[in-house]
There are 2 protein chains.
Amino acid sequence: MKSSIPPATVGRLPVYLRALLVLEASGAEVVSSAELAEASGVNPAQVRKDLTHLRSSGKRGVGYDVMGLAAEMRKELGFDQRWAVVIVGAGHLGQALATYPGFLERGFDIASVLDADPAKAGMELGDLRVEPLSELGRLCAEREVAIGIICTPADAAQEVAQKLVAAGVGSILNFAPVPLTLPGRVNVRQVDLSVELQILAFHEQRRAEDEAPGP
Amino acid sequence: MKSSIPPATVGRLPVYLRALLVLEASGAEVVSSAELAEASGVNPAQVRKDLTHLRSSGKRGVGYDVMGLAAEMRKELGFDQRWAVVIVGAGHLGQALATYPGFLERGFDIASVLDADPAKAGMELGDLRVEPLSELGRLCAEREVAIGIICTPADAAQEVAQKLVAAGVGSILNFAPVPLTLPGRVNVRQVDLSVELQILAFHEQRRAEDEAPGP
DNA sequence: TGGTGTGAAACTTTTCACAGCT
DNA sequence: AGCTGTGAAAAGTTTCACACCA
């Protein structure tokens, strides 16, 4: 068991890596915590503390070795290998994610897009063809899929999640607006697009109330 | 200035509200913190503490009044009014969001979808037509848009964000993988789809390392 | 000199545990 | 009897400030 990295830090590592890749491409050899912080939208002290969780390559008075740090981070994030991903749910969102260029760039290959609706199966999506949901087990096994993305309606999500787990998927990104109940060993991340907007609406609402104080 | 609600709580209110709407529709009159917690995927104590931040309607030994609580929450989240939203960037993701049914259901109307690419302008999207980016100011003013969604490539996001702010937009949901630098009064939420997958990949990576211990 | 590494402080969030009300 | 409301403890996160070193 490796020494664990705090979740908040894990969430920032991909952001740092993105900044580092830009720096690397630009030929920069060293970067300071202040620069990295600027590029990542966080506090410099935060950056330094986060980086102590990896085999850090900082030199006092100088900064961090860009290539060394990028290499270390690539290894931690499994960026050097490609990850096969399945998407369940071929609605608009599923289709958009299936062709999202950011995934490909970051090492994620969409192995398959599936849908329970037979009418959607067979649909062409770039160079993918939508498969019927019944093929889930076979496809995950064949392509060694470790990560699944759920883009189904809320009422189908739990069942799909269980099928993914049964198919050997260990990590799930859930866009369906419902919490999943799964064994603890499964990693789940919930992304709820409506909730994001509602949080913004809450702040707008507050702003309006503050401007025109109530009764 | 109203007594402020902690950000972590604000992030959960929309989740509670969703559960409450289901309960309301099912005719339930009261709900316990345990039930609400179950439906929202959080801890019951958390629910109770969160609810103390609003004018709470809990009765000891009984639970919370579903209608009262839902009403209170709708008011806090501005759920009773409709919010006009613009989407900038009519790529696959922008298109998917423009037709995302969850937004409509929760009170968000897509006032307009815009794109800097003249080739995309004029494109039909459900009952919307993609507008050229130059129309941003006029459209935001006309439709009293308070919320903007950025689905552009990373390199266009900062400029678009500034245009949104200039157009009077106070809250931004940013899907572009780059941190925005904006005046403090603007609410920004960053959603980074690739980062979500990379976080899952990190955990899968760890899992693999733990199963096959290294040198 | 300039920027890292890091204890310590400040703050936030979560969880516990139980008094107190219905 | 049962479930809320809530102080207090625990855990996690961010920020500060400065010793230390290339």
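This dialogue asks how some terms apply to the structure above.

Tutor: The model is predicted, so local features need pLDDT of at least 70 and side-chain atom pairs count only at pLDDT 80 or more, whereas totals for chains, interfaces and linings use all residues. Residues are numbered from 1 along each chain as its sequence is written, chains are lettered from A in the order in which they are written, and side-chain values use heavy atoms, without hydrogens and water.

Student: Why is the contact of Asp192(A) with Arg18(B) called a salt bridge?

Tutor: The term asks for a side-chain nitrogen of Lys or Arg within 4 Å of a carboxyl oxygen of Asp or Glu. The closest N and O atoms of Asp192(A) and Arg18(B) are 2.8 Å apart, and the pair forms a salt bridge; the count between chain A and chain B is six.

Student: What makes E4 and E9 of chain B paired strands?

Tutor: Two strands (DSSP runs of E, at least two residues) pair if DSSP finds at least two bridges between them. Four bridges join strand E4 (residues 83-88) to strand E9 (residues 147-150) in chain B, and the two run parallel. Within this pairing, Ile87(B) stands opposite Ile149(B).

Student: How do you know that the buried residues of H2(A) line one face of the helix?

Tutor: Buried means under 20% relative accessible area (1.4 Å probe, protein chains only), and in H2(A) this holds for Ser33(A), Leu36(A), Ala37(A) and Ser40(A). Seen down the axis of H2(A), they fall within an arc of 100°, so they line one face, the arc being that of the directions from the helix axis to the C-beta atoms.

Conventions: Buried < 20%, exposed > 50% of the residue type's maximum accessible area, 1.4 Å probe, protein only.
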